[in-house]
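Dear colleague,

Please find below the structure for your review. A short account of the findings follows it.

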Amino acid sequence: MQRNLFVAVAGNIGAGKSTLTGMLAAQYGWQPFYEANAENPYLADFYQNMQQWSFHSQVFFLGKRLEHHHQLLQHPGSVVQDRTVYEDAEIFAGNLYEQGTMSARDYDAYRRLYEAVSAFLPPPNLLIYLRADVETLMEHIVKRGREFERTMSPNYLERLNSLYDRWIDRWVACPVLTIPIDGLDYQHTPADFEAVIQQVDQALVGLRLQQNQMVERR
């Protein structure tokens, strides 16, 4: 297996990213990196006036994601990341703009900043995309019982799903392994987790073959 792998797990709210990140870390001996839960100083203002403070709030989140991305790249071994810096821009900022909560001028400035910085970021070696229907996402969200997620609507999750699918369709920076998780319970059912591991193993073999071919061409 290639040394110093950078694997990222992406997916909508409630898709099971954190759970799978921890299980993959245990399975392969990778270092897990979970979402950086820093207190956003703009969040209270954002909820009071979303149009005025959406740009400030998203720039703060983007900065924290970039710091987090840099930290995992400095790790001496293989890492697996729960949610990427790309999702903040491609999904959540994009949703704010499409819903009219972020102005076109602010969104353009945000995208310019994101694209300028992300151009210098080494991408993951493998992106694992957990794809789920809204019904599955809602079921997971209800089960974990987080207070701030109780008012989350199916329409909101559907919009995010559409943005995720659009982003994945355009993503070319590294291979993508899409895992449909509807009907799977890899946390509690060993056979389901084994099915996921088989797919990840195949993707890792593909990475190794690709790396060997690149070495042979040099």
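At 34% relative accessibility, Asp-182 counts as partly exposed (buried is under 20% relative accessible area, exposed over 50%, partly exposed in between, with a 1.4 Å probe and protein chains only). This is a predicted model, in which local features need pLDDT of at least 70 and side-chain atom pairs count only at pLDDT 80 or more, while totals for chains, interfaces and linings use all residues. Residues are numbered from 1 along each chain as its sequence is written, and side-chain values use heavy atoms, with hydrogens and water left out.

The structure holds 12 salt bridges (a side-chain nitrogen of Lys or Arg within 4 Å of a carboxyl oxygen of Asp or Glu). One network of salt bridges links Glu-35, Arg-65, Arg-83, Glu-87 and Asp-88. Within it, Arg-65 pairs with Glu-35, the closest N and O atoms being 2.8 Å apart. Arg-65 lies in helix 3 (residues 50-73) and Glu-35 in the loop between strand 2 (31-33) and helix 2 (43-48), so the pair ties together parts that are 30 residues apart in sequence. Helices (H or I, at least four residues) and strands (E, at least two) are DSSP runs, numbered from the N terminus. Arg-65 is buried at 13%, whereas Glu-35 is partly exposed at 26%. Arg-83 and Glu-87 also form a salt bridge, at 3.7 Å from N to O; Arg-83 is buried at 7%, and Glu-87 is buried at 0%.

In helix 1, the buried residues include Leu-20, Met-23 and Leu-24. Gly-29 follows helix 1 and has a positive phi, near 75°.

With kind regards
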